[in-house]
Amino acid sequence: DFHWIAESKNKGVFAVGDCTGHGVPGAFLSILGITLLNELVNLEGITRSDLLINRFQGKLANALRHTGSEYMASDGIDISLCVIDRESYRIQFTGAMNDLVFIRHNQLDVLRANRITVSSGFDEPELFTQQEFEYRKGDMIYLYSDGYPDQFGGPRDKKFTSRRMHALMLEIAELPMDEQRQLLSRRLEEWMKGYSQTDDITVMGVRL
């Protein structure tokens, strides 16, 4: 997993990525993913979320095809990415497998990502779409990898599930950010109770 934040043209851009490879391939993809996002935003100045992920798809596919490794070329990145415009109070969201959770006044909404991974397996342009919405001061959004909801534990050795995670987010959304972090960690530890960690875990919360 990796998280990434940048500023360009008076807009904030941030993302959470989950590399499908493990070990060395996963580490390589994390470094490559961050490098490509930096190029697209900081050098090319792209601040439209769907264009960003579609260009990211093309650059990643090209890089993986030149690794010379069929194993590496079969890997990819699940990602959720937001562009926030503080002047218009609007947020763009584009996701590849990873959803976005938006909370306002104890009301939770899930913005669904496109159900495809950023990888070398697609040649068609404009695979990924954009969702845009208005925000208000005090709203919360969460980007996260599948590690938290997929963690096994509890009395019956089951996954934590997205349903439980969303309920927990509603429970903590009004709290200060550091308290939210502590409660997310504590609830996960209680759920695991001696079970091994299943996957990398990343949760990014943003108070708007």
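Biologist: Which residue in S12 does Tyr144 stand opposite?

Modeller: Val203 in S12 stands opposite Tyr144. Bear in mind that this is a predicted model.

Biologist: What makes S9 and S12 a pair?

Modeller: Pairing needs at least two bridges between the strands. S9 and S12 are joined by 5 bridges, so they meet the definition of a pair. They run antiparallel.

Biologist: How do you know that S5 and S9 pair?

Modeller: The test is again at least two bridges. Strand S5 (residues 100-104) and strand S9 (residues 140-144) have 4 bridges, so they count as paired. These strands also run antiparallel. Ile103 stands opposite Met140 in S9.

Biologist: What is the strand order in the open sheet?

Modeller: The order is S6-S5-S9-S12, with 4 strands and antiparallel pairing. The twist from one strand to the next averages 20°.

Biologist: What makes the side chains of S12 an alternating set?

Modeller: Met204 and Val206 point to one face, while Val203, Gly205 and Arg207 point to the other. In a regular strand, side chains alternate between the two faces of the sheet. The cut-off for buried is under 20% relative accessible area.

Biologist: Which strands does H4 lie across?

Modeller: H4 lies across S5, S6, S9 and S12, and runs at about 145° to S9. H5 also packs on the sheet, touching S9 and S12. The direction of H5 makes about 155° with that of S12.

Biologist: How do H4 and H5 pack, and what is the handedness of their crossing?

Modeller: Helix H4 (residues 162-172) and helix H5 (residues 177-192) pack at about 145°, with axes 10 Å apart. Their crossing is right-handed. Arg164, Leu168, Glu171 and Ile172 in H4 meet Gln180, Leu183, Leu184, Arg187 and Trp191 in H5. By class, that contact has 5 nonpolar, 1 polar and 3 charged residues.

Biologist: Why is the span of H2 called close to expected?

Modeller: The expected span is 1.5 Å times one less than the number of residues. Helix H2 (residues 49-65) has 17 residues, so the expected figure is 24 Å. H2 reaches 24 Å from its first C-alpha to its last. Its buried residues include Leu52, Ile53, Phe56 and Leu60.

Terms used
Residues are numbered from 1 along each chain as its sequence is written. This is a predicted model: local features need pLDDT of at least 70, side-chain atom pairs count only at pLDDT 80 or more; totals for chains, interfaces and linings use all residues. Side-chain values use heavy atoms; hydrogens and water are left out. Axes are lines fitted to C-alpha atoms, for helices over the stretch in contact, and angles run from 0 to 180 degrees between N-to-C directions. Helices (H or I, at least four residues) and strands (E, at least two) are DSSP runs, numbered from the N terminus. A crossing is left-handed if the near helix is turned anticlockwise from the far one by less than a right angle, and right-handed if clockwise. Contact means heavy atoms within 4.5 Å. Ala, Val, Leu, Ile, Met, Phe, Trp, Tyr, Cys and Pro count as nonpolar, Asp, Glu, Lys and Arg as charged, and the others, Gly among them, as polar. Buried means under 20% relative accessible area, exposed over 50%, partly exposed in between (1.4 Å probe, protein chains only).
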